[in-house]
Amino acid sequence: MDRRTLLLAAGAGGLLTACGGGDDSASGVGMSPGPATGTGTGPGSGSGPGSGSGSGSVPQGTAPALTEGQPLRLLARLANTSTTPGVFEASLMAAPVDLELVSGFRTTFWAYNGTAPGPLIEATEGDRVRITFVNGLSQESTVHWHGMPVPAAQDGSPMDPVPPGATRVYEFTLPADCAASYWYHPHPHRITHEQVFRGLAGAFIVKPRVDPLPPGLIDVPLVISDLRLDAAYRIAPNVGMDYLLGREGDLLMVNGGRRPVLAAAPAAAHRLRFFNATNARYLRLAFDGTPMTLIGTDGGLLAAPVTGMSEVLLAPGERAEVVVSFNADTVLRALAYDRGSMMMGMGGVTRASDAILAVRVQGPPVATVVLPSTLRPIAPLPAQSRTQRFEFGPSMMMGGMTGMTMGAFTINGRSFDMNRIDATARVGAVELWEVVNPTQMDHPFHLHGTQFQVVERVRSGVATPAPYPAWKDTVNVARGETVRLKVKQDMPGLRMYHCHILEHEDQGMMGVLSVS
């Protein structure tokens with residue numbers, strides 16, 4: 001790098017964005033949150049808030065520690081107002097709301113129906129879903145149903161914004177065999193990152209008509225987000241480095257609480273649904289001394305359980321379902337993970353291990369739940385009709401949304417333009433996509449409108465097949481890696497594909513797929 005480049009790199013961390021920063025006084029009516037619910041006592045154990053290590057670490061917050069060790073909050077449920085069988089109807093409002101993270105201090109979030117995370121939506125395969133969205137923000141917004149097989153016009157893409165103060169009805173039918181752990185979040189052009197880090201995200205669980213899992217599993221959704229606060233407990237705006245690397249908050253939260261406590265009976269089998277609802281943080285999740293059985297990914301249940309998992313890695317936007325039985329107190333940790341850096345010559349972005357959830361085992365033991373050896377059939381997609389290549393770029397970045405001279409975040413050498421078609425596909429045609437990452441940083445690849453099957457990963461010319469069949473909508477593409485996946489779109493329209501580090505997406509690492 002030349003001297004000017006080095007100076008820009010040194011200054012990037014302290015610059016405020018010209019396009020972000022937020023508006024805590026956004027218009028709209030905030031609803032007061034309900035009380036936390038759940039059982040259990042005692043603080044979570046483990047290290048303090050993860051501290052950055054290496055020259056590529058992200059900035060640290062200055063706020064004192066939040067209240068910890070409260071009972072795990074059960075997610076508020078979005079009530080179904082329909083009286084017609086097979087119809088789910090509800091309203092969802094995005095608006096500012098003041099929430100109390102520490103006694104005596106209020107923090108302004110942007111929230112769905114007054115809660116952060118937003119209310120849990122539960123529906124069943126075959127249901128007709130009709131959700132009225134009210135935008136109570138001062139910015140345009142959308143609701144994107146991440147991973148869900150919905151028509152293109154109902155997808156909540158950047159091409160279909162809802163203006164401030166306006167209302168929009170999303171309506172779609174959930175097809176058969178789509179049961180899975182999905183989530184919803186905004187997707188407006190260039191400001192998705194801010195709306196998510198200010199609190200707009202929620203879980204959407206689609207249940208099967210016939211459940212292959214045995215009764216007795218305790219179903220616990222865990223929405224994992226992160227926060228960066230200033231000394232007055234306000235959500236801090238992005239700085240320049242966040243646009244290069246993606247924003248990581250200093251505090252990991254689970255269902256809106258800091259290091260909450262899950263109370264568990266001895267031997268009770270828990271179906272934990274992990275949602276990575278952060279902008280850019282990779283979650284390498286592991287319990288101290290307690291193995292997990294992986295039963296599902298983004299697109300629902302696996303073909304068979306994968307036992308003896310010591311950890312699960314989730315890129316931003318990914319989900320996983322695990323079954324865990326607890327026989328002793330333990331801690332869920334987000335272990336350190338080096339995701340690289342978009343800055344040449346800088347160390348990777350790494351957070352120290354952080355205890356994020358405590359498990360307290362108490363009470364009499366319960367009967368053990370035995371999982372079936374098979375969960376559902378997952379047939380491999382047939383031979384592809386053609387191959388398409390999608391390459392993240394560039395290999396080195398300087399600057400961000402800061403007014404500095406910079407390279408563009410691109411896919412196949414082009415920065416996002418919603419008026420341009422970047423790729424095409426035909427309904428029902430199976431394609432092989434090669435997603436290539438020559439950069440120095442991991443990028444999670446997300447595709448709208450369908451699920452796909454990962455075929456193999458290629459590093460240094462060596463191909464490694466996917467370890468088990470699964471349906472996915474988001475996959476991590478590590479630096480220097482190519483991921484080959486098979487995909488088939490079932491509905492026509494314009495679809496997005498992009499990096500799910502939200503700052504990268506908003507700066508152009510996104511494309512438009514036209515399905516005809």
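Ground rules first. The model is predicted, so local features need pLDDT of at least 70 and side-chain atom pairs count only at pLDDT 80 or more, while totals for chains, interfaces and linings use all residues. Residues are numbered from 1 along each chain as its sequence is written, and side-chain values use heavy atoms, with hydrogens and water left out.

Let me start with the whole chain. There are 4 helices and 32 strands. Both are DSSP runs numbered from the N terminus: helices are H or I with at least four residues, strands are E with at least two. The chain has 516 residues, and 58% of them count as buried. Buried means under 20% relative accessible area, exposed means over 50%, and partly exposed lies in between, with a 1.4 Å probe and protein chains only.

Now contacts, meaning heavy atoms within 4.5 Å. Take those in the chain with a separation of 6 or more: 79% come from residues 24 or more positions apart.

Which strands form it, and in what order? The order is β23-β22-β25-β30-β27-β28, an open sheet of 6 strands with mixed pairing. Two strands pair if DSSP finds at least two bridges between them. β23 (410-411) and β28 (462-465) are the edges; each has a single partner strand, so one side of each is left without a neighbour in the sheet.

Stay with β27, residues 452-459. On one side, β27 runs antiparallel to β30 (residues 481-488), joined by 7 bridges. Phe452 sits opposite Val487 in β30. The β27-β28 hairpin has 2 residues between the strands, and Ser460 takes a positive phi near 55 degrees.

Of the 26 lining residues, Leu313, Glu318, Arg457, Pro467 and Tyr468 are the closest to its centre. How is a pocket defined? On a 1 Å grid over the protein atoms alone, a pocket is an open set of points with protein on both sides within 12 Å along at least five of seven lines; a cavity is a set where a 1.4 Å probe fits but cannot get out; lining residues have an atom within 4 Å of a point. Grid points are joined across faces, edges and corners, and a volume is the space filled by probe spheres set on the points.

Which element gives the largest share of this pocket's lining? That is β27, with 4 residues. At least two residues each come from β15 (292-297), β17 (312-314), β18 (319-325), β27, β28 and β29 (474-477). By class, the lining has 15 nonpolar, 4 polar and 7 charged residues. Nonpolar covers Ala, Val, Leu, Ile, Met, Phe, Trp, Tyr, Cys and Pro; charged covers Asp, Glu, Lys and Arg; the others, Gly among them, are polar.

On to cavities. The whole structure has 2 of 30 Å³ or more. The largest cavity has a volume of about 90 Å³. Of its 13 lining residues, Glu248, Arg281, Tyr282, Tyr337 and Arg351 are the closest to the centre. β19 (330-335) and β20 (350-351) are the elements giving two or more residues. This lining has 7 nonpolar, 1 polar and 5 charged residues.

Last, the loops. The Ala116 to Pro117 peptide bond is cis, with omega near 0 degrees. Pro117 is in the loop between β3 (105-112) and β4 (121-124). Asp177 is not a glycine, yet its phi is positive, near 60 degrees. The loop between β7 (167-173) and β8 (180-185) holds Asp177. Arg190 also has a positive phi, about 75 degrees. Arg190 is in the loop between β8 and α2 (192-197), and is partly exposed at 34% relative accessible area.

One more residue: Pro161, in the loop between β6 (144-146) and β7. Pro161 is partly exposed, with a relative accessible area of 34%. Leaving aside neighbours within four places in sequence, Pro161 contacts Glu140, Ser141 and Thr142. Pro161 and His189 are 28 residues apart in sequence and 8.2 Å apart in space, C-alpha to C-alpha.
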